[in-house]
Amino acid sequence: MTNLDGVFRREWGPAVAALARWSGDLTVAEDAVQEACAEALRSWPRDGVPERPGGWLVTVARNRARDRLRRESVRPGKELAAFVDEIRARTEHTDPHPVRDDELRMMFTCAHPALDRQSQLALTLRLVSGLTVPEIARALLQTDTAVGQRITRAKNKIRHANIPLRVPPAQLLPERTPHVLGCIYSVFTEGYWSTGGPSAIRDELCDEGVRLAGELCVLMPDEREAHALAALTLLHDSRRATRIDDNGMLVPLQDQDRGKWDRSRVARGLHRLRLAEGAPPAAGPYLPQAVIAAVHATAPSWEQTDWVTICTAYDRLVELTGSPVARANRAMAVGLRDGPDAGLRALDEAARDPRLTHSNLVATVRADLLRRAGRPIEALTWYRIALESGGSESGRDFLRRRIAECGG
């Protein structure tokens, strides 16, 4: 069953996007794919997983969607056939850009300015990446109920406002691009730092984030923000294989085997970074993050890491975003540049942000800085606080190891 879950995770987004393009209705698309997955759960254990499971799901889902349209339509016989043909004609037009990726089309649809920012993100994470409502809620630091309501309202607005399922014309791209970038990065980060489930990494989401960032660069080759995001995902992803050991345990960056990092992805990431740094350079949050990732990817060892450049990049990131997460991570970098006590002072400033109230990040960073300062008893207290704050099972296992190292 775990195998099937992986298949559904991988094929959900493409299937929903394909059905949405075919039907022109997000709710019909999502419900039809859900029914197809239920049918797969009944038939695949008996008959085996098809050679092309995605194609199987799309075919079954299309049949389910057609049945639903037939049931809900008051149009008999030939009128219904004409109605379905009209749907096809309306949704399978030629796009104004050389994009053949249904998911990217879906992202631009969900990025419509009629939707608020949080609804855009929640809807895209649900329909494109297939994240569950609880997973999206954790990623957005919101409740399950709030996220579910946002998704429902967003789908209703798209339907009632007749928002087209397509990549917008060139003059509308700038206002939609920041959201699309944010959604791609959210897909990648949910895979790279999984917020739930037994595994620290969800490979299919990492692959999707890297792929979609590359697709956006093809669509918008002069968009430096897209190149910055592609650089960031590639440079992070170059370390994916070394982030967990053979027992599925998280391996800190300091202890990773740099000889096993994917140097091809590092090279591609550095190439994208150079494009992002062109004149004028990318002005958004992805460039400083990509610089940080590049410093780590090119440092010969942990001891030779350029923490001065990393702290400068974090300063820029905090200036751009005001993100409490960036402030907390900056405190860790300051501690590695100037010593643990300096890091703890910087962390005290970040910890005052109420947005970190339900996150274990501050407790984890504080514990690590105290451990590095040679204060294991205090570190033990904060590792336990971080453990009590929840998080993924792999993250909790890592905290338990730290607790044991501190004598707990």
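Me: What does the side chain of Asp25 reach at the start of H2?
Reply: In this predicted model, a side-chain oxygen of Asp25 comes to within 2.9 Å of the backbone nitrogen of Thr27.

Me: How many residues does H2 have, and what does it span?
Reply: H2 covers residues 26-47, which is 22 residues. From first C-alpha to last it reaches 30 Å, close to the 32 Å expected at 1.5 Å a residue.

Me: Where does H2 bend?
Reply: At Leu41, by about 35°. Pro45 follows within four residues.

Me: And which residues of H2 are buried?
Reply: Leu26, Thr27, Val28, Ala29, Glu30, Ala32, Val33, Ala36, Cys37, Ala40, Ser43 and Trp44.

Me: Switching to the loop between H8 and H9. Is Asn162 there buried or exposed?
Reply: Asn162 is exposed, with a relative accessible area of 65%. Its phi is near 55°, a positive value in a residue other than glycine. Most residues other than glycine have a negative phi.

Me: What about Ala161, where does that lie?
Reply: Also in the loop between H8 (144-160) and H9 (173-192). Ala161 is partly exposed, at 44% relative accessible area. The C-alpha of Ala161 is 8.8 Å from that of Ala114, and the two residues are 47 apart along the chain.

Me: Which residues does the cis peptide bond join?
Reply: Ala279 and Pro280, with omega about -10°. Pro280 sits in the loop between H12 and H13 (286-298). For context, most peptide bonds are trans.

Me: H12 again, then. At what angle does it cross H11?
Reply: Roughly 155°, and the axes of H11 (residues 224-237) and H12 (residues 263-276) come within 8 Å. An angle over 145 degrees counts as roughly antiparallel, so H11 and H12 are roughly antiparallel to each other.

Me: Left-handed or right-handed crossing?
Reply: H11 passes H12 in a left-handed crossing.

Me: Last pair: how do H16 and H17 pack?
Reply: H16 (residues 340-351) and H17 (residues 361-372) pack at about 165°, with axes 9 Å apart. That makes H16 roughly antiparallel to H17.

Me: What hand does the crossing of H16 and H17 have?
Reply: It is left-handed.

Technical notes: Residues numbered from 1 in each chain as written. Predicted model: local features only at pLDDT ≥ 70, side-chain atom pairs only at ≥ 80, totals over all residues. Heavy atoms only, no water. Helix = DSSP H or I, 4+ residues; strand = E, 2+ residues; numbered from the N terminus. Expected span 1.5 Å × (residues − 1). Bend = angle between axes of the 7 residues up to and from the residue. Buried < 20%, exposed > 50% of the residue type's maximum accessible area, 1.4 Å probe, protein only. Polar contact = N/O pair within 3.5 Å; in protein donor to acceptor, adjacent residues only side chain to side chain. Axes fitted to C-alpha atoms, helices over the stretch in contact; angles between N-to-C directions. Parallel < 35°, antiparallel > 145°, perpendicular 65-115°, else oblique. Left-handed = near helix turned anticlockwise from the far one by under 90°.
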